[in-house]
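Here is a quick tour of one protein chain. Have the sequence and the 3D view open side by side as you read.

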Amino acid sequence: GPEWSFLGIIRGIYQKTFDKLDFRDEPLDVTLHHIYPFFFENPGAQSDLQRILDEVHQSGQSLITHSAVLDHYLHGEYKQHKGKQYPYCEAMAGRYFDDVRVFRDWIQKHPDYLLILSSDHGYDEDDADGYRVHGTGKNGNLGFVMFYNPALEHRGPETLEVMDLCATISKYLRNVDIPADSVGLARSHFAHPADDMKALQQSVAQLARYAEMHGIRYPASEVKRVLGYHFVAEGVSPGGELTFADATADL
């Protein structure tokens, strides 16, 4: 995908994360019609996609692609139509459903792979507090994740908390365990101890908020001490019979 967007998210760790990087430009000063323009916009692009998919399969690797085109057009149409309609984005989404059949057909021929389609946020909104980039997350205005493989049964939409996302995906990937952060065991290997501590604190805060949302009791005073700042969940009494490890054992 585009370097400015994708690598802007993961910054300095991408060289350790990926075996190969292929930057594909998405010029925003021209009209684009497909969400993955580098695969579908120009004649011959699909042949290039098939070549890439075959190379990925032969090497036993996975392919991750990223596009920021729809994000760009959604922001523009929100400002143009005040959030009341998104005609161009709706048309682009329709073409996307046609385009994604290419991936679906390839997965059917290579059922050892899992197709994952996702977005990272919803569309812009205005509420009582004013304009919100990417929205409030209310009324279904959320990011989405969709899995496809011939071995999976059809399921309707479900709401999935962000914390459970990686744990859910890991169930379908060979030799991949539930992420350590999802069970309160963040393994951090940063160069500086302060960064390690920050990652551990984020994991503790994430689990504490999860416990609060699900009515699970946990030692709020101990969490406050670990985090180093005020964090007491509303409606959850501090302390109690459970240790923090016990309270998060089922998460």
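## How confident is the model?

Let's begin with confidence: among the elements of the chain, helix α10 (residues 244-247) has the lowest mean pLDDT, at 40, while α6 has the highest, at 92. That score, pLDDT, is the predictor's confidence in each residue, from 0 to 100. Residues 229-251 have a pLDDT below 50, yet this stretch still has 48 contacts in the model beyond near neighbours in sequence. A contact here means heavy atoms within 4.5 Å. For the chain, the mean pLDDT is 78, and 85% of the residues reach 70 or more.

This is a predicted model, where local features need pLDDT of at least 70 and side-chain atom pairs count only at pLDDT 80 or more, while totals for chains, interfaces and linings use all residues. Residues are numbered from 1 along each chain as its sequence is written, and side-chain values use heavy atoms, with hydrogens and water left out.

## The overall layout

The chain has ten helices and four strands. Both are DSSP runs numbered from the N terminus: helices are H or I with at least four residues, strands are E with at least two. Along the sequence, the order is α-α-α-α-α-α-β-β-β-β-α-α-α-α.

## Two helices side by side

Helix α5 (residues 69-81) packs against helix α6 (residues 87-109) at an angle of about 150 degrees, with the axes 8 Å apart. The axes are lines fitted to C-alpha atoms over the stretch in contact, and angles run from 0 to 180 degrees between N-to-C directions. So α5 and α6 are roughly antiparallel to each other, a label for angles over 145 degrees.

Who meets whom? V69, L70, Y73, L74, E77 and H81 in α5 meet P87, Y88, C89 and M92 in α6. Looking beyond residues up to four places away in sequence, Y73 touches V30, T31, L32, Y88, C89 and M92.

## What's inside

The largest nonpolar core has 25 residues, and Y36, F39, F40, L49, Y73, Y96 and F103 have the most contacts inside it. Such a core is a set of buried Ala, Val, Leu, Ile, Met, Phe, Trp, Tyr and Cys residues joined through side-chain atoms within 4.5 Å, and buried means under 20% relative accessible area (1.4 Å probe, protein chains only). α6 gives the most to this core, with eight residues.

Technical notes: Parallel < 35°, antiparallel > 145°, perpendicular 65-115°, else oblique. Buried < 20%, exposed > 50% of the residue type's maximum accessible area, 1.4 Å probe, protein only.
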